[in-house]
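Here is a friendly walk through a few features of this protein. Have the viewer open and follow along.

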Amino acid sequence: MPLLGGVRPPIAMLFVLVLAVAGITAGVLGRAAEPSVSKGVLSSQQHFAEDGAISLRSSIDERVTDLRRVTAALDAGEPVAPERVLSDLGTTYQKWTGTAVVGLSDGKVLAARGETIPLGWLDKEVLTGEHALAPRMVRLESGDVRLMTMAALKGEGGTQRLLVASNSVAVPSVNLGPFRTMAVITAEGEILSTAGFERPESLNSDQEREELAFQQKQLSEMAARAATETAGSPVSSKEPGSRGYTGVSGTLLGDDYNGRVTTAGYASLASSDPDQKKSVGAGLGLSVVAMLPVVEEPAVGGDRAFYGLLAAGALVLLGVFAVAVLWSTIQRPLIRLFLESRRLARGDLARPVTVPRWGEAARVGAALERVRVQLGGAPTAEAAAVSRTARIGVRVPLAATAVLLLLWCLPVGLLLNRTDDSVSVPASLVNDQRDRTDLLSDRVRRALNEAHADVVSTARLIGGREDVSPAALDALLEDALRDHGRYDSLYVTDAAGKVLAHAGDEPSAAWKDGGKLPPIRVTGDGGSVPVVQAGSAVPEHDGLTLVGEVRVQFLGSLLNRPGLGTVRVVDPEGRTLASNKGFLAFERLPDESLTDLVRAGNLRVGAGPVENGLLLREGGSVTVAAAAPFSGGGVASDIGWTVVSWQDADKLQTAPSQLEDRSVLAGILGLAAIVVCLGWTHLVVARPLRDLAAAAERLADGDHKAVLYPRYHDEVGAVVRSLELLRQQLQVLRRNEALRQTAGAVSASRPRTRGM
């Protein structure tokens, strides 16, 4: 008989799994102390670093793209004077700290604006080869590092010029919130720039200066550790099947100082879609580190730890009792049947069969006793009345065992360590929700400013052309639309709103009196999709306006960041314009509290509106919400839009929510043990045993023709094999009896011979 077959393995497995689940329960729920920083706080720092890396990478890529786009547009026409090139570039894009036009034949600076750009790093390797004109970082004599972006420019008389733009590799200008520090580091761990540190001269005490020195030391250590971590592959640094940030990112935990633990997140600059689009910023080997000292969270209460140990002990007791029930009602009777059937098959008919008291085992035992009597020479015995206990099948103890264990699984999974609206949420998580929402608000605002700047740049190209026929405009708009993936369509209208030329989708709304309308507006009220338009008058052609319709999906992609929950862009009236999840055009926010939060954020305080974050405790649940109105420079800052986000607190991976998740996990593990082991027992024991009982009763009733085949090589299969041997013995016995009866009848029918 195989060791893994029969009734023993599932019952033994159930006992082992019960002990394992009890051990896990005691380990994850019975610990009296938790880490000083919850997983949610660490994950928030990682997401913050990822957001900073995305902003920095986008900023670098946009600068490179804009510079190359401007030079390509200039090369399409007649050569432009160097001063005019820099003037138009500075008017359209205010992105660079210094620009210069250099003649490639003699290296002479033809025009320059902003900070002085050193040219000692320009050589043949920079200008030729596979990586010619690729952006690169250059260290100045002062020790500062600048990112140099280059593009070739056509000069007069067929000469070649080089347009060079420099800007610092600075921390993205985002709201870091209180106490947070962010740094941009190289692949070697060198810190290029930082933001968030207090100036030493502004501190008032030695203790504050000592704390600043500690934080600076911690940042240096975190930068070195982050450089080591980001050197690996993004694939190997993530869990299999995980999604999210395309680069390498993670969390770090530092030392504590005055009750505050240093936490940090890091993220390398990576392309948003590495398979489809290469990123210039991602190829520079830069990473972003976000560091925040947080207050140590209180340890999980001793009463909850006691409940965890109590639950583990209760599971052990219930498991022992359940195994005892299965052993006494299924395993032991089945093994006795196996021994009795083997005894009868060997010819030992002296002792009566010990019949179990109930269930299928009782039916099989009664049938074996009738077969024993028949093998002893008695005629076929009539079936005795089935007792009430014999009608109770094996399914009853299986169901009773399942109910017994469910009495532990359901309360532990659904009731133990449940959180309510009184749960404590760390203040750092609320602040991070607010600051990250403000970062997204800044990101969307910059994207709209970029959209309008691109429209202005294209409008100036149109204004510099003499041929503004529809065919010429269509070709130019097609090229512009190909370079700008943020638009659904680009089109030129006259003063009456008539579309003269367009590229992409059909225009969704007319643009009339372009000079009187705001540069960015929203139309399509009552439609299925909001229409976001950016417009600019075409210079030197009165009445012509270039309009670009921004894709709503593009705005939604900017909002798609993990760890923020639902994120929406709403107008001043609180109507939804874009979201990272499904939404209806111009629908209101789902909760009045969110609407009030948006209104509060748009109130003018000091220099302008400010971001807000708060906890909403309603209906037994806790929601973390934040709203950040557009603020800053550009045409988009005056349109009154707000980015609002919210999510349930139980998704923040705080200590109470983690404890609740562990309780649910313990209940699920217990439920899995029930399904696996009891389902196993039902398949390999209960169902074959029912078939065995029916076959044994048919055999005892005189059906000697049906051959019995064992389904499994286990205890039930052994009883079936014994019944098959008994069936063969009964056949031989009945055949012999028939032969004797036939011989006796023949003898009786012969005439007797009288003697002469």
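## A surface patch, a helix pair and some salt bridges

Phe15 sits in helix α1, which spans residues 8-29. This is a predicted model. With a relative accessibility of 31%, Phe15 counts as partly exposed, because that class lies between 20% and 50%. Together with Leu19 and Val320, Phe15 makes up a nonpolar surface patch, and the three have about 220 Å² of accessible area together.

Next, the helix pair. Helix α2 (residues 39-75) and helix α10 (residues 427-463) have axes that come within 11 Å and cross at roughly 10°. Angles under 35 degrees count as roughly parallel, so α2 is roughly parallel to α10. Their contact involves seven nonpolar, seven polar and 10 charged residues.

Now to the charged pairs. Side chains of opposite charge can pair when their charged atoms come close. The whole structure holds 30 salt bridges, among them these:

| Salt bridge | Closest N and O atoms |
|---|---|
| Glu340 and Arg343 | 2.6 Å |
| Asp435 and Arg434 | 3.1 Å |

Glu340 and Arg343 are three residues apart in helix α6 (residues 302-345), so about one helical turn separates them. Both Glu340 and Arg343 are buried, and both Asp435 and Arg434 are buried too.

Arg446 and Asp442 lie four residues apart in helix α10, about one turn of the helix. Is Asp442 buried or exposed? Its relative accessible area is 14%, so Asp442 is buried, whereas Arg446 is partly exposed at 38%. Elsewhere, salt bridges with shared partners link Glu50, Asp51, Arg436 and Arg561 into one network.

Key:
Residues numbered from 1 in each chain as written. Predicted model: local features only at pLDDT ≥ 70, side-chain atom pairs only at ≥ 80, totals over all residues. Heavy atoms only, no water. Axes fitted to C-alpha atoms, helices over the stretch in contact; angles between N-to-C directions. Helix = DSSP H or I, 4+ residues; strand = E, 2+ residues; numbered from the N terminus. Parallel < 35°, antiparallel > 145°, perpendicular 65-115°, else oblique. Nonpolar A, V, L, I, M, F, W, Y, C, P; charged D, E, K, R; others polar. Patch = residues over 30% accessible without salt bridge, like charges linked within 9 Å, V, L, I, M, F, W, Y side chains within 5 Å. Areas by Shrake-Rupley, 256 points an atom, 1.4 Å probe, with all protein chains shown as cover. Salt bridge = Lys/Arg side-chain N within 4 Å of Asp/Glu carboxyl O. Buried < 20%, exposed > 50% of the residue type's maximum accessible area, 1.4 Å probe, protein only.
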